Amino acid sequence: MKRLLITGAAGRLGSMARQRLGHLADVVRLSDIADLGIAAPHEELVICDLADADAVDALVADCGGIVHFGGHATEAPWSAIGGANIEGMVNLYEAVRRHGRRSRIVFASSNHAIGFYRQSETIDADVPTRPDSLYGVSKVFGEALASMYHDKFGIETAIVRIGSCFPEPADHRMLATWMSADDLVALIERIFDIPVLGCPIIYGVSDNDRRWWDNSKVSYLGWRPRDNAERFRAQLDAAMDPPAPDAGDALYQGGLLATDGIHEE
Ligand code: NAI
């Protein structure tokens, strides 16, 4: 493609994508509200608040693909979440609609959209959402918005409910939820390669022995995760005790966000 936009490009996943997705487009437009450093020859840097509709309108112009990582990435008071995750999503999709609906989008949703399911359950893409936090609710909103713009205007989005994309699992729950960077990169490559995407819900998880998420509904993507968090189990067991059986991070798929209270202003 000619131009790929990566939002949230100063963040953890955005920085990784900046390093590893350059081959997908002639030009990569990187955006964030935070500093993005110095542009490489194939990069364009745009400082932009997702809550600013006019700025987002200009941001998406001429972009054939968008990897949307920008947003508030954990639980917080609502005032910290709404601007980026609600207004920002509306601004992004309205901009894509106005610019001719030509962008295919990867939306970084979250396991916290379904975080109140029990760890004893295996769920697929058809289950009702069960958000575990205001943050999770904002991701459910984003998923609904993507679905509406697909049904009404044909704009294609891969809704990726990312588990835990970190270099290594940081606790025992992540033995189920972990996603390696390699598996995420391979997924995004497939999303932009496949001729017809639609608007699927994909669980962003590696091929972990302990995973709770069934991706059989998106087998048509041809994406096969290769990593398995089980290889970290021994070192994790040595570093920490597993959570008590009645603790939030042993009961709920969203872990401690499910038992956390509301973060008041
Ligand atoms: P991060 O917090 O490192 O990156 C998010 C980026 O968005 C930051 O650079 C931040 O400056 C930017 N941002 C925040 N508000 C903004 C605004 N109003 N306008 C423009 N930019 C803004 O988070 P991370 O881990 O890289 O996550 C990326 C996305 O993936 C987020 O949407 C997050 O919710 C989602 N996600 C990540 C998971 C993970 O394991 N890392 C798990 C589940 C979902």
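Six aromatic pairs are found when the whole of this predicted model is searched. One of them joins Tyr-93 and Tyr-149, whose ring centres lie 5.4 Å apart and whose planes meet at 45°, so the pair counts as tilted. Because Tyr-93 belongs to helix α3 (residues 78-98) while Tyr-149 belongs to helix α4 (residues 134-153), the contact ties together parts of the chain that are 56 residues apart in sequence. Tyr-93 has a relative accessibility of 0% and therefore counts as buried, and Tyr-149, with a relative accessible area of 6%, is buried as well.

A further pair is formed by Trp-178 and Phe-232, with 5.2 Å from centre to centre and 75° between the planes, an arrangement classed as edge-to-face. This pair, too, links distant parts of the chain, since Trp-178 is found in the loop between α5 (174-177) and α6 (181-193), whereas Phe-232 is found in the loop between β7 (201-204) and α7 (233-239), with 54 residues separating the two. Both Trp-178 and Phe-232 are buried.

Another arginine placed over an aromatic ring is Arg-130, which lies over the face of Tyr-117 at 5.1 Å from the ring centre.

Note on methods: Residues numbered from 1 in each chain as written. Predicted model: local features only at pLDDT ≥ 70, side-chain atom pairs only at ≥ 80, totals over all residues. Heavy atoms only, no water. Phe/Tyr/Trp six-rings, centres within 6.5 Å; stacked < 30°, edge-to-face > 60°. Helix = DSSP H or I, 4+ residues; strand = E, 2+ residues; numbered from the N terminus. Buried < 20%, exposed > 50% of the residue type's maximum accessible area, 1.4 Å probe, protein only. Lys NZ or Arg CZ within 6 Å of the ring centre and 35° of its normal.
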